[in-house]
Amino acid sequence: MHAFSARLAALLPALLMSTGLAAAPDPADWDAVLDEARGQTVYWYAWAGDQRTNDYIDWVAGRVDERFDVTLEHVKIGNTAEAVSRVLAEKQAGNDDAGNVDLIWINGENFAAMKENDLLFGPFAHALPNFALTRPEQNPEVVTDFTLPTEGYESPWGRAQITYYYDSDAFRGDSGEVETPPQDVDELLAWARANPGRFTYPRIPDFTGSTFLKQALIELSDQGEALYAPVEESDFAAVTAPLWDYLDALHPHLWRSGRQFPASGPEMRSLMGDGALSLAFTFTPSEPAAAVADYELPESTRSYVPKSGTLGNVHFVAIPFNSPHQAGAMVVSNFLLSPEAQATKQDLDVWGDRTVLDVARLEEADRALFTLETSNPAMLPAGALERTLPEPHPSWMTALQDAWQARYIGQ
Amino acid sequence: MLRLAPALIVTLLVAPILAGLAMALLPAFGYLPALGGDDISLAPWRALAAQPGIGRSVAISFASGLIATAISLAVVLLYLAAATGSRLDRWIRRLVSPLLSIPHAAAAFGLAFLIAPSGLIARLASPTLTGWERPPDLLIVQDPWGLSLIAGLVIKEVPFLLLMSLAALPQLDPERRVAMARSLGYRPAIAWLKVVAPALYPLIRLPVFAVIAYASSVVDVAMILGPTLPPTLAVSILTWFSDPDLDQRFLASAGAILQLGVTAAALLAWWGLERLVARLMNVWIARGGRRRGETCLHVGGKLWILLATGVAFAGIAGLAIYSVAGFWRFPDALPRSMTLDHWAQALPSLGGPLASTALIALGSTLLAGVLALAALENEQRTGRAASKALWLLYLPLIVPQIAFLFGLVVVMEQLGTRPTHGLITFGHLLFVLPYVFLSLSEAYRRLDPRWSQLALTLGVSRNAAFWRVRLPMLLAPLLTALAVGLAVSIGQYLPTQLLGAGRVTTVTTEAVSLAAGGNRRVIGVWALVQACLPLVGFVIAIGLPRLLWSNRRGMQGAP
């Protein structure tokens, strides 16, 4: 009797596992996925702080409805972690196959957290028909997220890179010539000293602000290689000491003397629009040009990437383990990787988010879709984004955020 | 059926809160099996104590709750003392409902647009008066002392306390009390403060407690106007709850319980202050001063309320300008170009959220209206006033939202409910019902019972007396209560977002998620829509009785 129930108990997880697998669509059999997706409604949890992004997602919804009979609902959230918490709450409640979230716009820490807690469906990305267009063997950044291999648990969607922008009118010297803006963190400090209150960065733990810390650390540290392994493997205090010295020197010359920081990159952009700041940065290279078109920034706005290069990464979409519409979510992920969707997204009039496809290796007709706008003066000069630094291991982001908060909060 | 109404109300209000609190309490002590928290431990509390700036967060939440309430109450009492019966009084009474209906977030945006270093006031004064060519590097909005947060709260709490006071005052017969005191030689404002205020305070004590609880735990206003390094406790909790590092959920739960403690401590401190002020008042009243300070009271009472209402409306005007602004460089007083682009862009996406907002608001308000009427009618028929139960009615207003809503989501998940409009409507009912009940109960209880008795003697049934006599006579206050309910529902952010899993978009969730993008023109459009929507309810509430009873002046309700 006892032996029997013990065996049953041992079998039970295996049984549950196997039924779970049987229900999940197999991405390798794409026709079956398309069949299953027909008529599904996919709830896509995506950051909605930007009208252009929202409009683009609307456009995608129209297309996938037309082509694949998949209804796409954009669930508008202010912070990706809201979706992560949601899936977690469902797992906690034992909801393993009827989750609310079908697709998440995600990367970095959020991805690491979900993967570590087994909250993701997959691997699926490598099996998507359009995935090959990214040429992962030549472009390893589409299969790596903050040094972590994605292992097919998320599918690339777009690219971001720190891009500085400035008000060229404010940089005009006495002779009327526009001065060269700071090209590395040391020049930035010197410039801030000479122009107090005209620069700042978003307060930690904002994503853009945290990226600024990593960027500064990479430039200041002579132990840069340590950043690409988990933080526990190195002497955090020793590696980051130059960063804190630097920030201690920089803060008194920042906006509000470093006693207050904007909440986010967009808030920093508003301060630029008010003329409170003369120099700022964003993680979306096309943002300054788009903001000029939307009346948010003056027409004298110019963008650049400093000579040393800046951090860049790829952002992704992922499917939660308990999504009831995994087939539909895969169809949407695949459409997002199509040349049509990627080229539309890169169009400055639509969104201006750069493609993850390997454009040079596309077919002639598809390649023609991707002509980069160069006439806009607020846009980056051609070739500027070639100076890309890879993202450190995600554990550094958390460690830097904690250390920054311990050091600068509540003083 | 009618007899079940009070029990139903209590269950609807109390059960979700207790369940939500329980699900916050367990993780606060380390128990959350989905994250590997299988044992009870104090680790979350140790982590909470080690948070940088936690002491300051708590202190600001505690202090801003008390100070904002004290100022709001003082403004309302001084105004009532100084202006009752004046032309200003009639004007303010007409404005109080629209002011109350402006959602907190919209009012906070408005205030920020007004007083920020790059805000409307600085633009109007620059560069001629100030010499500023670019926004001054001043810490005005989000100041570390929470002063702008307190200002934002006062703007919203003054109309609430005023409405509650105006509802309670008729019971006290203030005119006769003041006349009596004046015959003894007291100047009017001093007379009011000495003979009416001490009797009024006990009647508005629960609303005051609700204000303390709200002000010490508010999330949206604190995010817009509050300090940032560190933020208030409630904002910190929200950040921890949505941290990608899922272990922070333990910390967040402990924070939620701490928030409960902070709010309770603020209430306790207020209770102590009440005693102190009562003593001082007694001394002041007994001393018999009849004139000293009258002018000061008289001017101050009018000035402060004018400032509070003026700032609220100027803030909304600022939102309106931003919603049509082209590029608007500091220090230009007005944008160089106006454009309808922002409205044109928002228009296509307005429909869905508007429909959801209306559906949820109407659903929860009508439900609340039915429940409140049933309970009040039951009270009337059984002749028992439910004074003890009134405390329970205030429970959703006194327990901080952030302390139980996250837990409630987990409970709902476990019950297997889907995030639908229905579930959100139920969530809103928690906050709509108390307001509808409170707004309606005074008028209901005050209605002369002889009207129904007369109807009964004419041979109609109790039900017919209700439908044909009481309800029509109460149409004006009922519609006002429903309009308040609509306004409360329209302004809800956290319950909508959490219970709806973010799937249901209302005008408020849309406004807050777009706020993350920091585009003030887009924020202006959505905040303006958000602010105007509840007005529709009030326009109907005031207009409909006049239309229906155009030949019965006495039934048209208060002006």
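Q: How much area is buried between chain A and chain B?
A: This is a predicted model, in which local features need pLDDT of at least 70, side-chain atom pairs count only at pLDDT 80 or more, and totals for chains, interfaces and linings use all residues. Residues are numbered from 1 along each chain as its sequence is written, and side-chain values use heavy atoms, without hydrogens and water. Buried area is the accessible area (1.4 Å probe) that two parts lose on being put together, summed over both. Carbon and sulfur atoms give 50% of the area buried between chain A and chain B, which is about 5,200 Å².

Q: Which residues of chain A lose the most area to chain B?
A: The contact (heavy atoms within 4.5 Å) takes 58 residues from chain B and 64 residues from chain A. Together 15% of what the chain A side buries comes from A:Gln92, A:Asp274 and A:Tyr295.

Q: How many salt bridges does the rule find across the interface of chain A and chain B?
A: A salt bridge requires a side-chain nitrogen of Lys or Arg within 4 Å of a carboxyl oxygen of Asp or Glu. The side chains of A:Lys76 and B:Glu510 meet in this way, at 3.0 Å from N to O. Across the interface, the number of salt bridges is five.

Definitions and conventions: Chains lettered and ligands numbered in written order.
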